[in-house]
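Subject: A structure for you to look at

Hello,

Here is the structure I promised to pass on to you. Please open it and keep it beside this message while you read.

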Amino acid sequence: MTARGAAAAEQEAVLYRHYIDGNYVDPAGGAWLDSVDPYRNEVWARVPRGGAEDVDRAVAAAKRAMTTGPWAGMSASARGKILRRIGDLVAENAERLAAIEVRDNGKLLTEMLGQLRYHPEWWYYFAGLADKIEGGVVPIDKPDHFAFTDHEPVGVVGALTAWNSPLLFIAWKCAPALAAGCSVVVKPSEFTSASTLEFAALTREAGLPDGVFNVVAGLGQEAGAALVEHPDVAKITFTGSDATGKRIYETAARSMKRVSLELGGKSPNIIFADANLDAAAAGAVSGIFAATGQTCIAGSRLLVQNSIKEEVTERLVAMARTARIGDPMLPETNIGPVTTPPQYRKILDYIEIAKGEGARLIAGGGPSDAGPQFVQPTIFTDVTNDMRIAQEEVFGPVLSIIGFDDEEEAIRLGNDVIYGLAAGVWTKDIGRAHRMVKALKAGTVWVNTYRAISYMMPFGGMKHSGLGRESGIEAIREYLETKSVWINTSDEAPGNPFVMR
C-alpha cells in the first residue's frame, strides 16, 4: 500500500493513512484532519486523526520489533547499512519531499529543498556511528573480577515533531534512535503530517523491518498524549514550545520515561562596533526573517552597541523593505506565509503588545497583502529587555532592537531571559569572542555567523530551552542505556556472604 489512499471521486484532497507495522492503515476512529496549504488557503490533503487505539497498535508493533523481530537480533553494522540506504532514498526523493513540505507549512522551497538535500547526511553519519558505540573494560580494584560496560537501546521511542521542519526533525531524532537499535513511533504535528507519512514508505524500501518505524498522525491532546503516557514507551523526544514541553516532562516523569526536549528560544544576536557591519546586518536579517521567523533559533533580540545602533538600524530597515513576499515555491521569494492560522494571529497580537508597551515600530507592523497568512517583516526599536516582546517567543518575522554600551551589559542583557537555545556574536576581537562564548548561557553560540547547523555538532538548549542534545555523538547516547557487567573469575567461595565485597 502507499501513503496516499484511494480518494472518493469528489474528494480532491490527497488522503493519507497511518503507517503502522510496515503498512498504511486507516485510523481506528475513522476520522481525518484537513491539511491546509498556507499560501493558497485551501485544503490540499487529509491526514488521520489518530487516538489511543492507533497509538496502542503502533507501540505494540514497535515493541515486537525490538523483542522478537529481525531488528532485535540485527548487528549494529547491518543496522548501519539500512540507515545509509534511507539516506540514499531521501536524496533521490528530495525534490518531491520538499514540495510536499512547502504545501504543508508554507516555508520557502529554497529552504526546504536545502534541508532535504542536507537531510541524508544525518542518516550517513549515524549509519557510520552505529557500530562505533563501544563499551569498555574497567581496571577494577576488586581482586579476581573482570568488569566491563555495555550499551543497549533504551527501548521504544516516542518522537513528537514540530510543524516548521518536519523531516529535518525526523532525521535529528530517528537516525540516532535507530542507530542505537531502538524502534520508533512518530507523532508529527497535525498541521504538517504529510511529508512524514510519505517518508515512511522510504524506510520500508530501504529494508527497515516492519514495526521499527511507525507514524501515527493526529492531535497533540489525543494521539500525542496517548504516546507520552503509554507504559511501553521508554523514551520521549519532543520539539515544540516550552509550555507543551513542560507538560510532556511532567507526564513522562510519572512513568519514569527518559526525555529529551528541544524547546523555544529568545536568542540574542549581538553586534559590537568593531564587527563587519555588512556581514552582521545580513546575519541579523537571516536570523529573524529567514523561515518567516518560524524557527526556534531565531535571533529575535538584536543587541547592538549604542555607538553603531543608528547605522545598523538604518541598514536593517532598508534590507527589510527589499524582501520579496509571496509564493514560497518561487526561487525569488524571501518571505512566505505563516504556517498556521493560530500562529498568524499570535504574531499580530505580539505586534500590538509591543506597540502598547512603548516599542517604536520602524518597519512592517501588520498583515501583508500577499495573502491571507502573510506578515510584513517587522522591526521595533526603543525596546527594553523587560518588555514582553523581548522576553516571550513570538515565532514570527518580528525583530526587537536593544542597545547596549559594553561587554558587561551585552552579557547581562543576553542572559536575561528564561531561554538559552542559541546566541550570536559579531566582532573582530578574538579575545572578546572567547569571553562572550564563555559568558553566554546558550546551547549554541555562533561567532560572525548565524543559523549554521551540522549533523556533527550537538544541538540543544539550556534553561527553558530544553534537555538533552540532538546531532553529533551526544545524540546517540540519548537513546542508549549503559550496563555494568561484573564477572568473578575465582573458583573460591566468598567469605562472609552478608557483607558487601
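This is a predicted model: local features need pLDDT of at least 70, side-chain atom pairs count only at pLDDT 80 or more; totals for chains, interfaces and linings use all residues.

Let's begin with the open sheet, which is formed by seven strands in the order S16-S17-S18-S15-S14-S20-S21. Its pairing is mixed. Which strands sit at the edges? They are strand S16 (360-363) and strand S21 (444-447), each of which pairs on one side only. If you step from one strand to the next, the twist averages 25 degrees.

Valine 425 stands opposite valine 447 in S21.

Helix H12 (residues 306-321) lies across strand S14 (268-271), strand S15 (301-305), S16, strand S17 (378-381) and strand S18 (398-404), and it runs at about 135 degrees to S15. Helix H15 (residues 407-415) also packs on the sheet, where it touches S14, S15 and S18. The direction of H15 makes about 145 degrees with that of S18.

**Aromatic rings**

How many aromatic pairs are there? The count comes to 17. One of them joins phenylalanine 272 and phenylalanine 404, with 5.2 Å from centre to centre and 75 degrees between the planes, an edge-to-face arrangement. This pair links distant parts of the chain, as its two members are 132 residues apart. Phenylalanine 272 is in the loop between S14 and helix H11 (277-289), while phenylalanine 404 is in strand S18.

Are these two rings buried or exposed? Phenylalanine 272 has a relative accessibility of 0%, so it counts as buried. Phenylalanine 404 is buried too, with a relative accessible area of 0%.

Now compare tryptophan 446 and tyrosine 450: their ring centres are 4.6 Å apart and their planes are at 55 degrees, so this pair is tilted. Tryptophan 446 is buried at 6% relative accessible area, and tyrosine 450 is buried at 8%.

Ring pairs also build a cluster, linking Tyr118, Trp122, Tyr125, Phe126, Phe169, Trp172, Tyr455 and Phe459.

**Two helices side by side**

Two packed helices are described by the angle between their axes and the distance between the axes. For helix H5 (residues 109-118) and helix H6 (residues 120-129), the axes come within 4 Å and cross at roughly 20 degrees. Angles under 35 degrees count as roughly parallel, and H5 and H6 are therefore roughly parallel to each other.

Which residues meet here? Leu116, Arg117 and Tyr118 in H5 meet Pro120, Glu121 and Trp122 in H6. By class, this contact of H5 with H6 has four nonpolar, no polar and two charged residues.

Finally, have a look at leucine 129, which is in helix H6. Its relative accessibility is 11%, and since buried means under 20%, leucine 129 counts as buried. Leaving aside neighbours within four places in sequence, leucine 129 is in contact with Ile473 and Ile476. Valine 157 is 28 residues from leucine 129 along the chain, and their C-alpha atoms are separated by 19 Å.

Enjoy exploring it!

Best wishes

Notes:
Residues are numbered from 1 along each chain as its sequence is written. Side-chain values use heavy atoms; hydrogens and water are left out. Axes are lines fitted to C-alpha atoms, for helices over the stretch in contact, and angles run from 0 to 180 degrees between N-to-C directions. Angles under 35 degrees count as roughly parallel, over 145 as roughly antiparallel, 65 to 115 as roughly perpendicular and the rest as oblique. Contact means heavy atoms within 4.5 Å. Ala, Val, Leu, Ile, Met, Phe, Trp, Tyr, Cys and Pro count as nonpolar, Asp, Glu, Lys and Arg as charged, and the others, Gly among them, as polar. Buried means under 20% relative accessible area, exposed over 50%, partly exposed in between (1.4 Å probe, protein chains only). Two strands pair if DSSP finds at least two bridges between them. Rings of Phe, Tyr and Trp (its six-membered ring) pair if their centres lie within 6.5 Å; planes under 30 degrees apart count as stacked, over 60 as edge-to-face and the rest as tilted.
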